[in-house]
Amino acid sequence: MTHKFIEDFATADIAFEASGEDLDELFKSSAEALFEILANPKKVNKSIVKKISLSNKNIENLLYDFLSEILYIKDNDFMIFNSCNVKITELDEIYQLKVTLHGEKINPKKHELHSDAKAITLHQFSIEKTKNGYNSFVIVDI
Amino acid sequence: MFKTLTERPPINKINDFVWEIPQSYKEGMQVPARIYASKKLLDEMDLGVFDQVTNVACLPGIQKYAYCMADGHQGYGFPIGGVAAFDAETGVISPGGVGFDINCGMKLCTTNLTFKDIQPKIKEIVDHLFKTVPSGVGSKGFMNVNKNQFKDIMQDGVKWAVDNGYGWTQDIGRCEAQGKIEWADTSKVSDKAISRGINQLGTLGSGNHYLEIQVAHPDNIFDKNNAVKLGIKEPEQVVIMFHCGSRGFGHQIATEYLRLFLDNMKKNNLKVLDNELACAPFTSKEGQDYYKAMACAANMAFANRQVILHRIREGFSKIFNDTPENLGLESIWDNCHNIARREKYKIDGKMKWVITHRKGATKSFGPNHEELPNEFKDIGSPIILGGSMQTGSYLLVGTKKAEEETFSSTAHGSGRVMSRTKAKSQFRGEKLQKEMWDKGIYVRAMSMSGLAEEAGLAYKNISEVVDSIHKTGISNKVVGLVPIANIKG
């Protein structure tokens with residue numbers, strides 16, 4: 001379960017590729033890439049817990065909505081993140097996502113802040129099935 | 001995988017500064033694509049520009065050409081520097097053609113101070129503004145507005161700010177569209193968008209957003225008469241330029257409507273080559289709802305820049321111990337570069353309403369345009385072209401030629417040549433900050449990695465961009481402005 005930032009793509013934005021052995025891991029690694037765009041997660045405590053529940057029959061749309069929800073919480077709750085737990089189940093061909101986010105209130109004196117990401121773009125946004133699991137391709141508007 | 005073109009498409013020369021990718025290049029193109037740039041800038045453009053501008057050329061109802069300006073580079077959906085106009089009756093509207101930062105734009109304020117006056121106090125004034133104009137991840141503004149007041153802001157833009165003590169009456173006229181988009185409808189905006197943005201009035205954001213103190217050196221005055229009309233009257237005069245938009249409020253509106261449009265593509269019988277170009281017929285309910293919600297975000301952005309101007313006036317007044325009026329802190333202009341607007345143009349001999357999308361492009365109206373305030377009627381619309389923090393920025397004016405050729409559009413900045421990820425691996429924020437100070441530019445930043453991403457070398461040569469659009473005749477250069485201090489988000 002990893003993510004990497006892509007140097008030669010998305011000039012004014014940040015492109016990343018994340019991977020996971022299953023969808024739970026893929027969503028977790030994609031979220032971790034986003035956490036790192038906002039701030040250094042290692043310097044963020046797990047003092048606040050936020051829960052996200054979403055559903056969609058399309059897995060790519062579900063990932064898009066999930067990552068977008070993280071950016072909403074960032075502004076609405078003045079929060080940055082350390083990590084998350086992800087559980088995806090399927091019911092009647094609809095994916096059900098339950099996530100617990102761990103993080104804390106933003107403190108510029110304490111945290112190593114990076115970019116105030118604006119939104120998740122749909123430009124070339126995709127999830128691909130690989131022989132080891134799944135990869136996601138995401139461009140974040142900065 | 002991220003897909004990139006492996007080779008450049010066929011590009012035909014129209015003249016030294018206009019290049020065309022023929023309609024036959026890609027299946028589905030409704031019109032050719034045109035790039036307004038010098039050969040040097042064209043040759044430096046990443047292949048993503050050509051792919052994206054030709055994707056835009058496939059959208060239904062597009063008129064004349066899909067355009068990319070001289071500062072163009074790969075964006076998401078539209079290229080940055082992208083312009084496209086769609087038939088208002090049969091064409092579409094696309095949130096991706098406006099961008100997530102709805103009404104991201106520039107504001108310029110003059111002073112009657114010169115470089116000599118400000119130099120001894122530069123650290124003091126910048127450190128003060130760094131505190132009073134918050135920037136970076138999760139910054140909160142100084143304004144405490146309730147939901148009803150925020151709705152008034154969505155309706156009235158700059159006028160709300162001025163009516164509530166955050167500006168001067170004459171500031172209203174010194175904005176594109178008088179700082180207020182008329183068709184805003186707050187019922188089209190979600191509670192989530194409001195709660196995301198309500199605390200962010202008065203904040204800069206991050207990325208390429210900044211607040212800069214600049215100097216107009218006499219060597220950089222290219223058109224003395226127009227410079228005076230744009231408030232640049234003295235040698236070494238100091239001005240303040242800043243760049244920001246509708247913050248999380250606009251980002252949320254754009255995200256929600258993009259998803260709504262995507263879900264309705266099938267129903268609307270529309271197909272796009274990239275989901276970021278998800279669109280809806282302008283006349284459809286979704287299309288109209290987005291247009292009205294977009295206007296709410298645009299007005300919030302106008303108000304945001306206006307309250308930041310108020311903070312700048314307060315800051316200068318405190319540090320220089322004089323009134324903002326005596327210090328000549330006059331608002332010169334405020335222009336958007338991420339917006340869609342219904343406009344009328346002569347196409348194939350007939351006047352026609354179109355929805356012009358500008359994604360990283362500025363409006364360029366020639367002299368006597370009805371939308372211009374009286375003081376600028378004879379010179380055309382002011383154009384604020386923000387450059388990198390190490391090189392400089394420009395003021396230009398609009399032209400009739402832009403009205404005729406490019407749906408009244410021109411470039412918006414210098415445009416990037418290097419990705420943020422690459423810039424971070426090549427530059428170190430702390431080192432850059434020191435180097436800039438050695439060269440006389442005092443920089444404060446919330447994020448050192450964010451500062452590294454904005455290194456001057458990550459951008460095109462702005463003089464080349466300005467010369468391109470000047471020589472093409474889609475805007476005329478007036479003044480070059482050199483930074484002496486910069487606040488980065």
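Contact here means heavy atoms within 4.5 Å. Keep that cut-off in hand for the tour below, which runs through a predicted model.

**Stop 1: two helices in chain B**

The crossing of α4(B) and α11(B) is right-handed.

Which residues of α4(B) meet α11(B)? Show side chains for B:Glu124, B:Ile125, B:His128, B:Leu129 and B:Thr132. On the α11(B) side, show B:Arg311, B:Ile312, B:Gly315, B:Phe316, B:Lys318 and B:Ile319. Sorted by class, this contact has 5 nonpolar, 3 polar and 3 charged residues.

**Stop 2: an arginine in α11(B)**

Stay on helix α11 of chain B, which covers residues 285-320, and select B:Arg305. Is this residue buried or exposed? B:Arg305 has a relative accessible area of 0%, so it counts as buried.

Now display what B:Arg305 touches, leaving aside residues up to four places away in sequence. Its contacts include B:Gly105, B:Met106, B:Lys107, B:Phe242, B:Asp334 and B:Asn335. B:Cys244 is another residue that B:Arg305 touches; the two are 61 residues apart in sequence, yet 7.1 Å apart in space from C-alpha to C-alpha. Next, pick out B:Asn103: its side chain is joined to that of B:Arg305 by a polar contact of 2.8 Å.

**Stop 3: helix α1 of chain A**

Move to chain A and select α1(A), residues 23-38. This helix has 16 residues and reaches 23 Å from its first C-alpha to its last, close to the 22 Å expected at 1.5 Å a residue. Look at its N-terminal end, which A:Asp22 caps: a side-chain oxygen of A:Asp22 lies 3.3 Å from the backbone nitrogen of A:Asp24.

How many of the residues in α1(A) are buried? The count is 12 of 16, and the helix is mostly covered. Among the buried residues are A:Asp24, A:Leu26, A:Ser29, A:Ala33 and A:Ile37.

**Stop 4: the partner of α1(A)**

From α1(A), the residues in contact include A:Phe27, A:Ala31, A:Leu34 and A:Phe35. From α2(A), they include A:Leu63, A:Phe66, A:Ile70 and A:Lys74. By class, the contact has 13 nonpolar, 1 polar and 1 charged residues.

Definitions and conventions. Residues are numbered from 1 along each chain as its sequence is written. Chains are lettered from A and ligands numbered from 1 in the order in which they are written. This is a predicted model: local features need pLDDT of at least 70, side-chain atom pairs count only at pLDDT 80 or more; totals for chains, interfaces and linings use all residues. Side-chain values use heavy atoms; hydrogens and water are left out. Axes are lines fitted to C-alpha atoms, for helices over the stretch in contact, and angles run from 0 to 180 degrees between N-to-C directions. Helices (H or I, at least four residues) and strands (E, at least two) are DSSP runs, numbered from the N terminus. Ala, Val, Leu, Ile, Met, Phe, Trp, Tyr, Cys and Pro count as nonpolar, Asp, Glu, Lys and Arg as charged, and the others, Gly among them, as polar. The expected span of a helix is 1.5 Å times one less than its number of residues. Buried means under 20% relative accessible area, exposed over 50%, partly exposed in between (1.4 Å probe, protein chains only). A polar contact is a pair of N or O atoms within 3.5 Å; within protein, one must be able to donate a hydrogen and the other to accept it, and residues adjacent in sequence count only if both atoms are side-chain atoms. A crossing is left-handed if the near helix is turned anticlockwise from the far one by less than a right angle, and right-handed if clockwise.
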